[in-house]
Amino acid sequence: MPLENHTSLSSHRYEFDVICEIIEEKSRVLDLGCDEGDLLNLLKEKRNIKGSGVEVAEEKVYHCISKGLSVHHGDIDQGLADFPDKSFDYVILSETLQEVRNPVLVFKEILRVGRKCIVSFPNFGHWTSRWQLLLGRTPITSKLPYYWYEGPNIKFLTIYDFIYFCNVMNYTLVHQFYLRNGKRISLLPNLMADTALFVIK
Amino acid sequence: MSDIDPNNSVGIVTEQYITIFAPPNELLLDSGRRLGPITLAYETYGELNQNKDNAILLLHALSGDHHAAGYYSSDDRKPGWWDNYIGPGKAFDTNKYCIICSNCIAGCRGSTGPASINPETQKPYGLTFPFITIRDMVRAQKGLIDHLGIKKLLSVAGGSMGGMQALEWAKTYPDHISSAIPIATTANHSAQNIALNEVARQSIVADPNWKNGDYYESEPPARGLAVARMVGHISYLSDKAMHEKFGRRLQDRDDVSFDLMTDFQVESYLQYQGDSFSKRFDANSLLYLSKALDYYNLAEGHASLKDALRHVKARFLVLSFSSDWLYPPYQSREFVSALKQNAVPVSYCEIKSDYGHDSFLIDNPHQMRLIQDFLGHIFEEVKSNAA
C-alpha cells in the first residue's frame, strides 16, 4: 500500500508548472506514462500544444479520452516505435523512469522521435533514503512510497547516476531543476532534492 | 410494447428507402462491373441540425442491418442491434446527433443484393449479382449521405465489418468525415479469418438446396446456412465465455446418449442460433459478404498500410477487446500504428472483456463511455470551427 497518493495532481503541481514554462507555444508533445492526462491537459490549455500520450492502465486511458486527449493504450516501447524520427518537440517521461525496464533503449527511442526529452524521477540519493539505508532498511519515502515487495518501481537512481548516464550516452543536459517538497532548490541537490527534472537532447 | 421508455429509447422507428445509381449512372465496382439502380434501406434516429454537422453514420457487421435502434411497433420485443448505445443520453446521443444506419449492398434486409430482382431479367440476381468489396459498400453509402445533403459526417462508427467500412471511409473520403470509430476490426483479413469464412461458404454450397444460388423459388439452403452461422457464432465468442455459459452441462438429459442425439447445452445453443439465423438471412448474401470481407485489404494497391492511409484527416478512436480472437487486438494495433506514422490523431484502447468478438455488441459501460466522451469532444471542436 502506498503511503500517499503520489499520482495526485497537487503533488505534481510545481513540476507541472516547471514543464509548462519549459515548453514553447504550439509544441508537439508526447507524454509517456501520461496517467490521467492532467499534464497534457494543462499544456493544451496553457501552451496550446499538440499533444498525445501513452498509458498502460486501461482506467487511466478512459480519463484521458474524457479530457479529449489522444492516447495510446499500451506500454512505452510499443507507444514509441510507430512515430517517425523527430515527430515531437518534446517527449516527457515524468516520474516514470523508475518503472522502465530498459532505460537505454527507451532513451534512444525518445531522442529518435523527439528533439528534446523532459525527464523527472525521484532522487534515491535524498538524505532520507540514505539515512534509512544506514539504519539497515530499504528506503520508503514520500516519492518512493512502497515496501520492497510491492509497487511498480524497478529502477532506483540518484541525480549523480543520471548525470553520469547522460555523459556515457552522450546526451546534452539542457536544463536541470532540483525539487524538494515541490519547491526548487539548488544547494546539495543529490542530498537534498526529492525529485530531479532534466531537459536533455 | 407499452413499456418503451422514451427517456431511454429512440422508440418506434420506421425504415426508409432510397434508390440511387440508376442507369446510366451505375456504381462502378472494384471488380470492374457496374451495379444500378441500387436501393438502400436505412433508418435515422435524432434530428439533423441546421448546419447538418451532427450526422453520424453507423456501419453494421456481417449479420447486422440498418435497424440499429428502437422498435418497429409497440408489440416488437426485439430492439435494433446497438440499441444499448443509441438513444437520448446514450453513447450515440440522439439528443445531440443524427444517427444514420443503412443496410449494406449485397445485404438482404432491403438493400440491393443477390435476392433482389434484377431489373433486366425481372428475376432474382442470384449468382449473377456482381461480387462487391468493402469499398463498394462505402461508395454506396456515400450516395446516401449525398442524397441526404450532408457534406461532412461528424463520425463513422462500427464494429467488425462495420469497422472496416469506417477505415475505408477515412481513406476514401478524407474530406467528408471529422472522425472515425473502428471497433474490434482489422485492416486486412488474415488467413485465419479467410479460413473460417471458407468453412461457412463450403457449408452453404454443399447444401443440395443451394442449386448454384438459384433457390429463390424453391426451398432455401437453410441447413447449410445454419451450419455456416454455427461456425461464425463460435468465432464471435471466447473460450471463457462459452465455459461460463455452458460448461459441460447436458441438454435435457442426465447422462450422455451414446448416439448422435444432442448431448450438450452448447450444441443445442449453436443449433438454435444457426436455425434462427437461416430464417432471417439469405444464404447468397452471406456468400457475397464473406467474400467482401476476405478481399478486404486496406493496403491493396499501395506500398504499405501507412501509404494507404496518408490522406486521412479524421480523428480516430480505435477500440479492441482483449478476448477477441477473430480480430485480435494486434490487428487493431497494426492500423493504429500506420495512422500514427501519418501523424493522424488517434486514441487506442484495448478494453478488457471476456466476451470475445461479440464484446462490442454487448452492454459495455467502458465502450459506452469512451464513445460518448470522444464524440462529445469532436462535436465541440466541429462547432467551434464552424463558429
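**Stop one: a loop in chain B**

Select Asn212(B): this residue counts as exposed, with 9 C-beta neighbours inside 10 Å. (For burial, C-beta atoms are placed from the backbone: 20 or more others within 10 Å is buried, 12 or fewer is exposed, and in between is partly exposed.) Asn212(B) sits in the loop between α3 (191-205) and α4 (222-236) of chain B. Helices and strands here are DSSP runs, H or I of at least four residues for helices and E of at least two for strands, numbered from the N terminus. Check the backbone too: phi of Asn212(B) is near 55°, a positive value in a residue other than glycine.

A word on what you're looking at: this is a predicted model, where local features need pLDDT of at least 70 and side-chain atom pairs count only at pLDDT 80 or more, while totals for chains, interfaces and linings use all residues. Residues are numbered from 1 along each chain as its sequence is written, and chains are lettered from A and ligands numbered from 1 in the order in which they are written.

Most residues other than glycine have a negative phi, and most peptide bonds are trans. Now jump to Lys52(B), not a glycine either, with a positive phi of about 55°. Lys52(B) lies in the loop between β4 and β5 (55-59) of chain B, and is partly exposed, with 15 other C-beta atoms within 10 Å.

Next, pick Pro23(B) and Pro24(B): the peptide bond from one to the other is cis, with omega near 10°. Pro24(B) belongs to the loop between β1 (16-20) and β2 (27-28) of chain B. Then try Gly36(B) and Pro37(B), also joined by a cis peptide bond, with omega near 0°. You'll find Pro37(B) in the loop between β3 (34-35) and β4 (38-45) of chain B.

**Stop three: the core**

Which residues have the most contacts inside the largest nonpolar core? Select Ile56(B), Leu58(B) and Ile99(B); the core has 155 residues. (Such a core is a set of buried Ala, Val, Leu, Ile, Met, Phe, Trp, Tyr and Cys residues joined through C-beta atoms within 7 Å.) Helix α7 (residues 283-295) of chain B gives the largest share of this core, seven residues.

**Stop four: where the chains meet**

Finally, show both chains: the contact takes 15 residues from chain A and 18 residues from chain B. (Residues are in contact if their C-beta atoms, placed from the backbone, lie within 7 Å.) On the side of chain A that touches chain B, the largest share, five residues, comes from α3(A).

Note on methods: Contact = placed C-beta atoms within 7 Å.
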